[in-house]
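Trainee: Please take me through the salt bridges in this model. I would like a close look at the pairs and at how accessible each partner is.

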Amino acid sequence: MSDALPSFEDATDFDNADRGFLGSLVPGVVKADDGRVVWDNDAYEFLKAECPETAHPSLWRQGRLCARQGLYEVTDGIYQVRGLDISNMTIVEGERGIVVIDPLISVETAAAALALYKEHRGDRPVTGVIYTHSHGDHFGGVRGVLPHGTEEGVPILAPAGFLEHAVSENVYAGNAMTRRASYMYGVGLPKAPDGQIGVGLGQAASTGTISLIPPTVDITETGQEETVDGVRIVFQLTPGTEAPAEMNFLFPDHRALCLAENATHNMHNVLTLRGAVVRDSRIWAQYLDEAIEYFHGRYDVGFASHHWPTWGHDNVVEFLAGQRDLYAYMHDQTLRLLNAGYTGVEIAERIELPPALEKAWHARGYYGSLSHNTKAIYQRYLGWYDGNPAHLWERPPAELAARYVEVAGGAADALAKARAYAEDGDLRFAATLLDHVVFADPGNEESKEVLAGVYQRLGYGAENATWRNFYLRGAQELRDGVAGEMVDMTNPEMSMALSVPMLIDSVAVAIDGPRAWDDDLTIDLVLLDAPTGAGERRRLTLRNGALTHRVAAAPRTPAGLTLTLGGKAQLLGLLGGKSPQELGIGVEGDPALLVRLLSYVTKPDPFFPIVTP
């Protein structure tokens, strides 16, 4: 984005963020049963001060808005708890109890949010749950509102495909995503004017217990209507937008429109910096346009799973139209320049938003950015390769770095030149050159400190919260090494939600292929409680270092080992290291084949290096 900013005199967002306030959690701290703090909104009190030189004024403003914490009335019968996690929990009052929308990330924060609601509105049972989409900050705390033993008869609504996408994102590339997420969200950075001041979409992600109750009602088409505890709801499916499975929905009797995470008060990510499948900004814009027309005239307020509501039908339409135009413009202009021969990096340097969007606070790049979103759109269509033969077979980073440093005249000369670029204000190239010096010699403490200083300056100047966190976390690890708490996205409920094919896939992606090159084995799993019918046989084949699997109803050849399992829990036990005998699994054939297979399974390092080789 350019240096042009909207008017800081416009207080509309602050008025809306404060509207309907009923009370806050005091203190704004949530702890786990063992006393560990999993959420601390009070740590952001420093944002009440004027913006310091260590932060971008626009990001500071966004942090102030996101740090507001408490229970708010959206409209008669609809309430939101904001500021107790990165996401909002919305509560709709029904005939007998309440319908909870998006119960945050953690059981602990969701329970605290529900308690805050009850403090001000009375003790009502949870009579329904809605997951707007398949990201963990919108379902992980469900056991905080529906503890074990209370879910019987409570409908849980979600868009079609929710369960598969909710669990798969944390399986196949989960370790790398989690490590990179620690940079994106600034995990381990102090919450301070010179540290983590938010993530743009909210303040931070809570670090409590993740849970998952599978949906009982699938929303399969736009126009589907459901009534939960007397509350009428009309749905719009929006797959492939901000999440693979997502939906907007209208409460016609409340004249209120839920926009999930499809329209929030910032530019969102087309591709998150932690990593994910590239989202479709074209279809995202189309679904926002569809929402404008489909729900027209039937609401007076629009609210989302993050940030604050927008009141007034025409104001919501204008907001949705701006968000629609934002994603459509990014998509179409990237394609226009792509087809003119520009690469993703070149497009990111050339593209600018139209003045009307540039001046809209809700289009600012606090979470996503115009720069990395356009590169993501390029990637979606053309992949990593930009067509230049010089980039087709480059050396890996450490080898490339050694050669660059040699060309620069050695480490001392390269360091001196990098300092000069930094002093002249060219921090971007200084970071590039210093990165080569560090990768060529990671033991060079002086170059690491200089690079940390450059990262720090880049972070202080970033309007985008996730860029800021990446730069500052990189500086921290250059100085202090790799350490810190990692968010644990695994638990028994998440594991049990994985399908059997996904569980086997999770093993396949962990096989040490070179060690398994020369092995050749087959194992049949007979699953007595498979959803496709009792006694489903699934054949696992390890050959040429690749583990593949398929349903084998009538195999032409016998397997070397056949395991007969009562259910998925026994399979999880096997993968967790228990023997078939311990689990009561039927065994036919050579049990040593299972031992051999599991011996090739690796466990990735959750703290792998990022800013050093």
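Mentor: Start with the accessibility classes. Buried means under 20% relative accessible area, exposed means over 50%, and partly exposed lies in between. Keep in mind that this is a predicted model.

A search of the whole structure finds 31 salt bridges. Take Asp512 and Arg515 to begin. Their closest N and O atoms are 3.2 Å apart, and the two form a salt bridge. Arg515 has 45% relative accessibility, so Arg515 counts as partly exposed. Asp512 also falls in the partly exposed class, because its relative accessibility is 24%.

Now move to Asp519 and Arg596. Their side chains meet in a salt bridge, at 2.5 Å from N to O. What about burial? Asp519 is at 11% relative accessibility, so Asp519 counts as buried. Arg596 has a relative accessible area of 31%, so Arg596 is partly exposed.

Next comes Glu536 with Arg538. The closest N and O atoms of this salt bridge are 4.0 Å apart. Here both Glu536 and Arg538 are buried.

Technical notes: Residues are numbered from 1 along each chain as its sequence is written. This is a predicted model: local features need pLDDT of at least 70, side-chain atom pairs count only at pLDDT 80 or more; totals for chains, interfaces and linings use all residues. Side-chain values use heavy atoms; hydrogens and water are left out. Buried means under 20% relative accessible area, exposed over 50%, partly exposed in between (1.4 Å probe, protein chains only).
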